[in-house]
Amino acid sequence: GAKYALSGVLTSLAIVDVGLGEYAAAHARLERVLATARQLEHPLDMANALTHLGCVYRILAEYSTAQIHLEQALQVYQEHGRSIWESGVLCVLAGNAISQGDLSAARFHLQAASTLLGTGENKWLQMLVCYSPGLLAHYEGDAVAAMRLLEEATALAREGQFKPDLARSLVALGRVKRTLGQVSPASELLMEGLELFRALGHKLGIAEALEELGAVSAVRGDGVQAATLLSAAHTMREGIGAPLPPVDRAAYDSVLAACRAQLGEAAFAEAWAHAAARSWQEVVEEVLKLRQN
């Protein structure tokens, strides 16, 4: 009984570690949970630990290792009685595929997740099975479908008070609205997402929100602000060891090129270096003051 309880505590702590960008600590805790689950022959804890480890490896851009862990989690569920929680693993597998730009594999996993969940009552899984296809639709270029699905995911996350998921959905929805030319609504969504991520101390989420706000600034022609936000996000990613996913590289480079064109190379380099020397807390505080004003 004590070991079961300890595994639950360690898993919860690992989730906190991930939010704080402490991936080595999260990995160590989850490996301990996995070892205990194997010792006790507890399949649900085993599958849960494998899924969270897959998430950590995906963030670190170790996509092949993430794939192995997630497939193992899926196998555990399949060998010990099917469960709606398999749909969560399938969504994470889809996220791993999306990060690498393998949209066909992502679509395959999400179709399986939707079929498995069916009309299940679990609100968090319902939200996830809206969010992940919404993200896929964005990368497939179907902004209308992406907006519809991400708006539904956002509503479900608000209703369930799933705060990290709400922040993530807001940022993704803001990105889609920016691509549709809805710049002001996009900015408001991104600001709300950033504020939530800051309250949670979720470093990768903060970096992603800053990147999207930087893209909005570039659209508005504010190259200095765009360079500032992108530099702060880049410094955060380097600090926590969470590189930009390959699927986002082309769009990111396009925003950087627009900033350089607006400012000129010397002014861009100066704005980038100035932001890199500041703390991310200072940059975020400055951005959120703009929302209050």
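Predicted model: local features only at pLDDT ≥ 70, side-chain atom pairs only at ≥ 80, totals over all residues.

Colleague: How do you know that the protein chain agrees with a compact globule?

Modeller: By setting one radius against another. For 293 residues, a compact globule would have a radius of gyration near 19 Å, and the protein chain has 19 Å, so the two agree. As for its extent, the C-alpha trace spans about 60 × 35 × 35 Å along its principal axes.

Colleague: And how much of the protein chain counts as buried?

Modeller: Of the 293 residues, 51% do. The accessible surface comes to about 13,300 Å², and carbon and sulfur atoms hold 54% of that.

Colleague: What share of the contacts join residues at least 24 apart?

Modeller: That share is 61%, counted among contacts between residues at least 6 apart in sequence.

Colleague: What about the charges: how far apart are the mean positions of the positive and negative ones?

Modeller: They are 3 Å apart, taking 24 positive and 32 negative charges.

Colleague: Let's go inside. What makes up the largest nonpolar core?

Modeller: It has 86 residues, and Y23, L194 and L210 are the ones with the most contacts inside it. Helix α7, residues 123–140, gives the largest share of this core, with 10 residues. Another core, of 13 residues, lies apart from it; A218, L230, L256 and C259 are among its members.

Colleague: Which residues does L194 touch?

Modeller: Not counting residues up to four places away in sequence, L194 touches I206, A209, L210, L213, V284, V287 and L288.

Colleague: Pick V284 from that list. Why is V284 called buried?

Modeller: The cut-off for buried is under 20% relative accessible area. V284 has 0%, so V284 is buried. You'll find V284 in helix α15, residues 280–292. Leaving aside neighbours within four places in sequence, V284 is in contact with L194, R198, I206 and L210.

Colleague: R175 is an arginine, so to speak a charged one. Why is R175 called buried?

Modeller: The test is again under 20%. R175 has a relative accessible area of 14%, so R175 passes as buried. R175 sits in helix α9, residues 163–179. Setting aside residues up to four places away in sequence, R175 touches L135, H138, Y139, L190, E212 and D248. Between the C-alpha atoms of R175 and E211 the separation is 9.8 Å, and the two are 36 residues apart along the chain.

Colleague: What makes E151 partly exposed?

Modeller: Partly exposed covers values between the buried limit of 20% and the exposed limit of 50%. E151 has 38% relative accessibility, so E151 counts as partly exposed. E151 belongs to helix α8. With neighbours within four places in sequence left aside, E151 is in contact with L173 and K177. E151 and E282 are 131 residues apart in sequence and 30 Å apart in space, C-alpha to C-alpha.

Colleague: Now the loops. Why is E41 called exposed?

Modeller: Exposed means over 50%. E41 has a relative accessible area of 67%, so E41 is exposed. The loop that holds E41 runs between α2 (23–40) and α3 (43–59).

Colleague: And what about the phi of E41?

Modeller: Phi of E41 is near 55 degrees, a positive value in a residue other than glycine.

Methods:
Residues numbered from 1 in each chain as written. Heavy atoms only, no water. Rg over C-alpha atoms; globule rule 2.2 N^0.38 Å. Buried < 20%, exposed > 50% of the residue type's maximum accessible area, 1.4 Å probe, protein only. Contact = heavy atoms within 4.5 Å. Areas by Shrake-Rupley, 256 points an atom, 1.4 Å probe, with all protein chains shown as cover. Charge placed at Lys NZ, Arg CZ, Asp CG, Glu CD. Core = buried A, V, L, I, M, F, W, Y, C linked by side-chain atoms within 4.5 Å. Helix = DSSP H or I, 4+ residues; strand = E, 2+ residues; numbered from the N terminus.
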